[in-house]
Amino acid sequence: MKADENAVRHLTRMCRARNLEKLHETFGTDVSDDALRDAVRRYNEVCEVINEIGVYRKLDDSTI
């Protein structure tokens with residue numbers, strides 16, 4: 001698939017139809033753009049914490 005605006009729109013529509021709408025129908029999950037952005041933000045925060053823990057564990061005098 002080409003990496004152009006049309007391809008991005010197509011992929012977005014496919015993801016919504018195949019994944020997000022099914023999540024909403026099955027589990028009642030909020031799949032609005034705001035909810036997805038918030039979920040990504042929270043996921044990124046968790047990843048940052050996990051990375052910080054990993055760095056801390058590598059210290060010579062780590063208590064973890």
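On the surface, Val 49, Ile 53, Tyr 56, Leu 59 and Ile 64 form a nonpolar patch whose accessible area together is about 460 Å². The model is a predicted one. Val 49 counts as partly exposed because its relative accessible area is 46%, between the 20% and 50% limits.

The overall form comes next. The protein has 2 helices and 0 strands. Its radius of gyration is 18 Å, whereas a compact globule of 64 residues would have a value near 11 Å. Along the principal axes, the C-alpha atoms fill a box of roughly 50 × 35 × 15 Å. Buried residues account for 6% of the 64 residues. The protein exposes about 5900 Å², with carbon and sulfur atoms supplying 55% of that area.

Side chains of opposite charge can pair when their charged atoms come close. The structure holds 5 salt bridges. One of them joins Asp 33 and Arg 16, at 2.4 Å from N to O. This pair links distant parts of the chain, since Asp 33 belongs to helix α2 and Arg 16 to helix α1, 17 residues apart.

Within helix α1 (residues 5-27), Arg 9 and Glu 5 lie 4 residues apart, about one turn of the helix; their closest N and O atoms are 3.8 Å apart in a salt bridge. In helix α2, Arg 42 and Asp 38 are likewise 4 residues apart. Salt bridges with shared partners join Asp 38, Arg 41, Arg 42 and Glu 45 into one network.

Definitions and conventions:
Residues numbered from 1 in each chain as written. Predicted model: local features only at pLDDT ≥ 70, side-chain atom pairs only at ≥ 80, totals over all residues. Heavy atoms only, no water. Patch = residues over 30% accessible without salt bridge, like charges linked within 9 Å, V, L, I, M, F, W, Y side chains within 5 Å. Areas by Shrake-Rupley, 256 points an atom, 1.4 Å probe, with all protein chains shown as cover. Salt bridge = Lys/Arg side-chain N within 4 Å of Asp/Glu carboxyl O. Buried < 20%, exposed > 50% of the residue type's maximum accessible area, 1.4 Å probe, protein only. Rg over C-alpha atoms; globule rule 2.2 N^0.38 Å.
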